[in-house]
Amino acid sequence: MGTISFIKYYISLLTAYCKFLFTFVLYKFADYPNEIKFAAFVSALCVMIIIVMLLSIFWMSWLEKRKRRLREHIEKKFAKGMEYIVSSQASKLMTEKEIAQAFDLDKEDLQGPLLRNNREKRMFVEVFYMYFISKRSELSRTENTHVMLQLFDIPDYLEKEVSLGSMKHKVNALSYMRTFKLPISPWVINKLLNSRYMRVQRLAMYSTIMSSSDSALDYFETDFFDNNCCIKDEIELGFSLQRRRKLGLKLPNLARWAHIQSNEKTQCMFVRLMRRFNEIEYCGQLKDLYNQTKKKKLIEEISRTWGYLHYLDCEDLLIEALLTQPDDTKVAIMHAMTRLATGKSLNALLDGFKNTTNPHVRYEALRCIYNYGEEGRALFNELEQNASEADKKFFTFFHNPITLEKIRLDKEQAYHPSVETVFNG
Amino acid sequence: MWLTIYYIFCYLVFAYTIMLLVGYVWLVFMSRLAQRQLDVNLPDDETIKYLMQGSPLTPAVSIIAPAFNEEVTIIDSVNSIMQIDYPDYEIIIVNDESTDRTLELLIEEYKLVEVPYDIAMRVQSKPIKRVLKSTDERYSKLIVVDKVHGGRKADGSNAGINVCSNKYFVCTDVDCIIEPMALYRMMWFVINSHKPMIGVGATMLMSNGCIVEDGKVAEAAVPNTPIPMFQQLEYLRSFLISKLGWSRINALPNISGGFGLFDTDVAVKSGGYDPMSMAEDVDMLLRMVTYMKNSGQDFQLALVPKVCCWTEGPGSLKQLVRQRTRWARGLFEIVSNHRKLFFNPHYGPIGSLTLPYLFLFEFIAPLFEMTGFLFMIWLTLTGGVNWSAALLIFGMIYIFSVFISFFVMYFDYKLKAVQWKHTKSSYFKLLVATLLEPFIYHPIITYCSIVGYWRFIINTTAVWTPIQRKGVKKR
């Protein structure tokens with residue numbers, strides 16, 4: 001008996017049992033009050049659902065066993081080759097023949113399809129994905145991965161999954177394609193952009209941004225996110241932009257996108273991306289936004305970005321803003337001034353220290369002065385000598401070896417690592 | 001007249017039962033919907049780690065663990081917490097003026113020295129005496145706070161909140177065993193949320209019966225002894241059906257104090273934990289929700305359906321009764337202190353659905369059960385029972401409770417919430433617990449609830465007696 005007929009047989013048995021149960025309840029309790037009929041009906045229904053659940057647990061367990069066997073089979077057959085492809089040994093460009101050799105494939109194997117059906121292909125991708133994300137060496141070549149996947153007919157399979165699969169398979173296949181940096185056909189992308197699921201739409205959009213020409217970068221020319229932006233979007237977008245840069249393609253004007261969006265969170269995201277990708281050429285465009293906006297977070301992000309990117313033209317604006325902005329924002333502005341460290345803003349920092357009663361802002365101002373080159377250190381020493389009893393507690397932090405480590409602006413520096421180390425991919 | 005009262009009572013009980021059944025079915029349905037959503041949106045641990053570990057956007061987390069007289073386990077516990085796999089976190093151990101060698105052991109083991117501090121007391125707690133950090137680079141994540149004795153976990157947690165510098169904090173017990181991937185799993189919900197995420201709950205199970213190796217649960221198993229076995233089933237049902245179902249409509253009523261993640265700013269603005277409360281975790285969450293709603297901000301709550309934390313539960317009947325009486329008292333306190341939120345649509349689904357459900361089916365249920373039980377005795381004595389009908393209705397309730405517990409196993413299998421060492425034997429034990437629970441465990445819990453309510457009403461002084469830990473099996 002084949003699997004399908006076996007399942008059909010059991011489904012018919014189950015249906016017959018259900019029929020029997022309900023008929024029994026209907027006739028047995030026909031003369032009873034409604035409460036009793038209800039109780040009997042609910043009991044019968046519960047018993048049936050319990051049986052269905054039991055059967056589905058057995059079914060899932062059988063499926064799992066089958067999947068485990070297939071995984072073992074794939075791992076046994078291809079693990080060696082997969083490990084080779086993601087290792088540093090594959091640092092030079094490889095031909096199809098060399099890859100076949102790495103997988104111990106004979107000429108006969110290459111004549112027919114290497115993986116028999118979609119189930120095997122899905123498992124192959126799953127296993128390779130695990131190797132890719134956990135064992136991939138920085139020296140391995142993306143091109144080799146592409147040739148290998150082509151050899152196993154995986155790109156076609158993934159495209160089919162993306163366009164025809166269920167929601168779960170669509171998302172998984174898209175994620176695999178993005179991770180392996182496989183190109184996606186424009187017609188598939190267009191189809192996905194019209195998907196009713198926001199997640200699919202966005203994944204498709206980020207995939208386009210990753211590799212297509214400038215014409216595809218008009219997504220944010222409208223207020224695209226409309227309050228629905230999360231950290232994951234920023235990670236995905238950052239990943240796409242990083243890939244673009246590696247391919248030698250031009251990055252979009254992120255400052256312009258920050259202008260167009262109306263939501264503060266989204267604007268901050270684009271400003272942060274500018275900072276991460278060292279987009280200094282558009283820094284000037286943020287000046288208008290800085291002057292016009294009353295959004296605290298946005299002002300903080302722009303100030304930080306100017307500081308990190310060492311945009312000297314903004315220093316007067318920062319000094320002016322330090323007088324008017326609330327305490328939270330002041331800290332970001334003072335840090336930006338310290339990073340610029342032109343000597344012009346040292347007095348502003350001193351005012352920042354003196355003109356507030358907020359201990360956090362005072363401490364941060366002192367920290368900025370301490371980090372402000374030699375001039376700053378001289379001023380710091382002077383302040384320490386003349387410190388009042390109440391202020392002395394601030395200075396104890398600068399003498400303890402453990403807290404002193406935190407006083408340098410290292411923690412925020414970690415927020416801005418080099419582009420190549422942002423993502424593993 | 002008595003006959004009228006009798007009929008009214010009977011129909012009231014019947015209507016209540018139907019409502020309860022509908023409530024449970026609805027929760028199961030919601031939980032199933034949540035699972036379908038998670039099927040697509042929650043990738044496996046490796047993928048989450050791959051996406052988050054290298055990103056500078058991964059938010060930092062502070063883990064707060066108050067400790068009082070834990071000299072036997074403190075070093076193992078801190079070592080276990082340090083094994084968490086996450087790129088940016090700090091561990092804050094709050095010593096609540098232990099009278100044993102807890103602090104000395106920490107200082108010796110981790111080479112701690114006093115550091116200057118200037119901590120704003122953002123939430124109410126007993127004064128902090130000193131803050132210690134390690135001179136050893138390996139333990140740079142560790143911060144030990146030595147404070148004046150507060151006597152409650154909530155006070156220690158508040159001191160930890162005052163010290164923590166990250167946007168999110170996790171509150172846990174120092175003797176909990178945390179899964180290494182727990183923070184990744186919780187923070188995945190934070191980075192995927194379009195609205196401000198104010199709290200993420202995580203599935204917690206009993207460590208009784210598990211085997212622990214190097215501070216991690218190496219073999220997950222259902223306990224062999226009856227009381228912990230029933231509790232394991234109860235925990236699974238609570239997390240995988242009730243809380244997961246509520247999380248689907250953003251109406252999670254409770255993030256467990258044993259392991260829960262919160263937004264620091266929102267927790268501070270809503271006053272932190274209440275040191276006098278018997279249910280400080282529910283209390284804080286409800287105050288956070290109230291704060292967000294009253295200030296017109298939208299928010300999100302989520303639950304991780306995979307097990308993230310293991311805790312040792314009461315192993316004996318006496319300890320169970322003590323714990324559950326305290327919980328019942330806490331529930332009464334919540335109903336009384338947050339009554340403004342109940343049936344109030346201003347507070348969204350929590351006010352209009354979750355809290356009414358909590359009131360009708362968790363708070364009132366033990367009273368109904370007890371009344372029904374006494375009524376049944378009276379009817380039996382007066383010969384007023386139609387036995388065939390009574391048995392049929394009893395059978396329906398029993399089958400229904402088994403049906404709900406079956407869903408727990410089904411969901412657990414589907415979600416892979418727990419990686420059982422021996423799936424078959426674990427499910428067999430859970431099945432036995434399912435069949436016996438209505439006769440043995442449920443009456444005990446009902447009794448504890450009634451006692452807890454009574455103690456709240458007569459206002460006896462609440463004493464927080466910690467559970468006597470037997471310790472978990474180590475390999």
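Me: Is Ser163(A) buried, partly exposed or exposed?
Reply: This is a predicted model, in which local features need pLDDT of at least 70, side-chain atom pairs count only at pLDDT 80 or more, and totals for chains, interfaces and linings use all residues. Residues are numbered from 1 along each chain as its sequence is written, while chains are lettered from A and ligands numbered from 1 in the order in which they are written. A residue is buried if 20 or more other C-beta atoms, placed from the backbone, lie within 10 Å of its own, exposed if 12 or fewer do, and partly exposed in between. Ser163(A) has 16 other C-beta atoms within 10 Å, so it is partly exposed.

Me: Which residues does Ser163(A) contact, leaving aside neighbours within four places in sequence?
Reply: Ser163(A) sits in helix 7 (residues 154–164) of chain A. Helices (H or I, at least four residues) and strands (E, at least two) are DSSP runs, numbered from the N terminus. Two residues are in contact if their C-beta atoms, placed from the backbone, lie within 7 Å. With those neighbours left aside, the partners of Ser163(A) are Val188(A) and Lys191(A).

Me: Is Ala204(A) buried or exposed?
Reply: Ala204(A) belongs to helix 10 (residues 198–211) of chain A. There are 22 C-beta neighbours inside 10 Å, so Ala204(A) counts as buried.

Me: How far apart are the C-alpha atoms of Ala204(A) and Leu193(A)?
Reply: Beyond four places in sequence, Ala204(A) is in contact with Ile189(A), Leu192(A) and Leu193(A). Ala204(A) and Leu193(A) are eleven residues apart along the chain, and their C-alpha atoms are separated by 6.2 Å.

Me: Is chain A compact or spread out, by its radius of gyration?
Reply: Chain A has 24 helices and zero strands. The radius of gyration is taken over C-alpha atoms, and the globule rule is 2.2 Å times the number of residues to the power 0.38. For 425 residues the rule gives 22 Å, but chain A comes to 31 Å, well over that, so it is more spread out than a compact globule.

Me: What share of chain A is buried?
Reply: The C-alpha atoms of chain A fill a box of roughly 95 × 75 × 45 Å along the principal axes. Of the 425 residues in chain A, the buried share is 33%.

Me: What does the globule rule say about chain B?
Reply: Chain B has 15 helices and 13 strands. Its radius of gyration is 23 Å, close to the 23 Å that the rule gives for 475 residues, so chain B is as compact as a globular protein of that length.

Me: What share of chain B is buried?
Reply: The C-alpha trace of chain B spans about 80 × 45 × 45 Å along its principal axes. Of the 475 residues in chain B, buried ones make up 45%.

Me: Which helix of chain A gives the most to the side that touches chain B?
Reply: The contact takes 41 residues from chain A and 36 residues from chain B. Several helices of chain A each supply at least two residues, including helix 5 (118–135) and helix 8 (167–179). The one that gives the most, with 14 residues, is helix 2 of chain A.

Me: How are helix 7 and helix 14 of chain B placed, roughly parallel or roughly perpendicular?
Reply: Axes are lines fitted to C-alpha atoms, for helices over the stretch in contact, and angles run from 0 to 180 degrees between N-to-C directions. Angles under 35 degrees count as roughly parallel, over 145 as roughly antiparallel, 65 to 115 as roughly perpendicular and the rest as oblique. The axes of helix 7 of chain B and helix 14 (residues 423–436) of chain B come within 9 Å and cross at roughly 90°. These two helices of chain B are therefore roughly perpendicular.
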